[in-house]
Amino acid sequence: MTAPAGAAAPLQSGIGVEGPERLRRGAWGTTWLLLTFMLVNFADKTVMGLAADPIRDELGLTRGEFGTAQSAFFALFSLAALGVSFLTRRIRTTVLLLGMALLWSVAQLPMLLGAAGFGTLLATRVLLGAAEGPAAPVAVHHLHGWFGQKERTLPTAVLMVGAAGGVAVSAPLLTVVIDGWGWHWAFGIVGLVGLVWALCWYVRGEEGPLAPARGRAASDRGSSASVPYRGLLLSGTWLTAAFGAFAAYWLLSAGLTWAPDYLHEVSGLSLKQSGAVVTATAIGNAVVLLGHGLLARRASRKETAPKLPVGLGGGVVMCVAALSIATFAEVDAVAVKIALMVGPMALTNVILTMSQTAVARIAPSGQRGVALGALAFVYALAGILSPLVTGRMVDAASSVPTGYHSAYLLMAGLVAAAGVLAVCFLRPEKDAMRLGVPETPAVGIPVH
């Protein structure tokens, strides 16, 4: 008999029926490995922002040209995220993750060549983006093969901490490398670290008990039931999650590229001071993500407590973040700006976890990778547009502070719109019921 849409597939990867402790070790061991995967992923993205001044000075670039180089990273990022997501229905995610890590690591190494110039920088950023585009959706899809629906928020938040942690860990280290060895070696270091992670994943990576069957096995096991992609991708939950993640990624991409320059040119901080602020901001982002994950896990345990719509809390948090971004643009006091960056502006990141878990809820397990890849396709567009638009706005303004002021007000408007839409339309349980997608059950993994 055919399984219902979204039903859990039989145990995969030779794991078999294991005890709770064995499952717990496998699930959280995979979580920590994928957290490291995301740490390296975002360390790659951090290099350009931290090395912005020496790169522009050595290569003679304007801010607009530098923004173009940063946007080149996302030239194939979205398409790769969408294309590789379809491969998750045929190829094991362990293989896909290994291939991505190897490719993006190798893509960094040409920048070690002394003759590497603007053309090499553009080419390697395009290749790097193609390799990293599918990273987050495939990693989330793989992780959700280890956890049932009610267990997913905390491990997903841990995974998303890699975005913040990659900046927090890499910013001070790469600043030292840039100061001591030059910006070329900053690219080389993250490439070598990526190769080390790929070796660890080759040895320890495995799929979880809820990983969907693939290809012929999916048909034989009756786990190929699905819902129309039109209904899935045009649902209020998916569209709202996509726009919310787009807004959050716009702020994140702008910060990775331009925050050090802003802090230096507008606030008068040195390169090392700017790097310290970027690190503190990343730590604030990590605290917000983990705090949200822990609160969500606690709420999921209270079966008798009244359940508020998922989008209500997330939308309100986004609106608070939008107000903080607007305040950041208006105030002059450096201490206040830093406090806003480290604190309330970091609330924007909550939607990154919420969007992933909401989309996973409305997608059958066999289509989860595609749904998450389509989500990444949309929010990664912000990675293309944000550095480019911000750089052009600053270059076109009468002064650098004026250009950045307008750019941050634009960010505030996007985040505010995402918050309002989340309050009104982010309803994963309602849309899952309409699409006929049951909740993915737990597999006995202790999460406390």
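Predicted model: local features only at pLDDT ≥ 70, side-chain atom pairs only at ≥ 80, totals over all residues.
Residues are numbered from 1 along each chain as its sequence is written, and side-chain values use heavy atoms, with hydrogens and water left out.

**Pocket.** I used a 1 Å grid over the protein atoms alone: a cavity is a set of points where a 1.4 Å probe fits but cannot get out, a pocket is an open set with protein on both sides within 12 Å along at least five of seven lines, and lining residues have an atom within 4 Å of a point. Points are joined across faces, edges and corners, and a volume is the space filled by probe spheres set on them. The second largest pocket holds about 240 Å³ of space. I found 13 residues in its lining, with Ala43, Val169, Ser170, Leu173 and Val193 nearest the centre. Helix 8 (153–181) is one of the elements that supply at least two lining residues, and its six are the largest share. Helices here are DSSP runs (H or I, at least four residues), numbered from the N terminus.

**Cavity.** I then looked up the second largest cavity, with about 150 Å³ of space. Its lining has 18 residues, of which Met38, Phe42, Ala136, Tyr249 and Tyr379 lie nearest its centre. Helix 1 gives the most to this lining, four residues. By class I recorded 12 nonpolar, four polar and two charged residues.

**Core.** I defined a nonpolar core as buried Ala, Val, Leu, Ile, Met, Phe, Trp, Tyr and Cys residues joined through side-chain atoms within 4.5 Å; buried means under 20% relative accessible area (1.4 Å probe, protein chains only). The largest has 124 residues, and Phe37 and Ile55 have the most contacts inside it. Helix 12 (residues 236–265) provides the largest share, 17 residues.

**Helix 16.** I checked residues 350–362: 13 of the 13 are buried, so helix 16 is largely enclosed by the rest of the structure.

Key. Buried < 20%, exposed > 50% of the residue type's maximum accessible area, 1.4 Å probe, protein only. Nonpolar A, V, L, I, M, F, W, Y, C, P; charged D, E, K, R; others polar.
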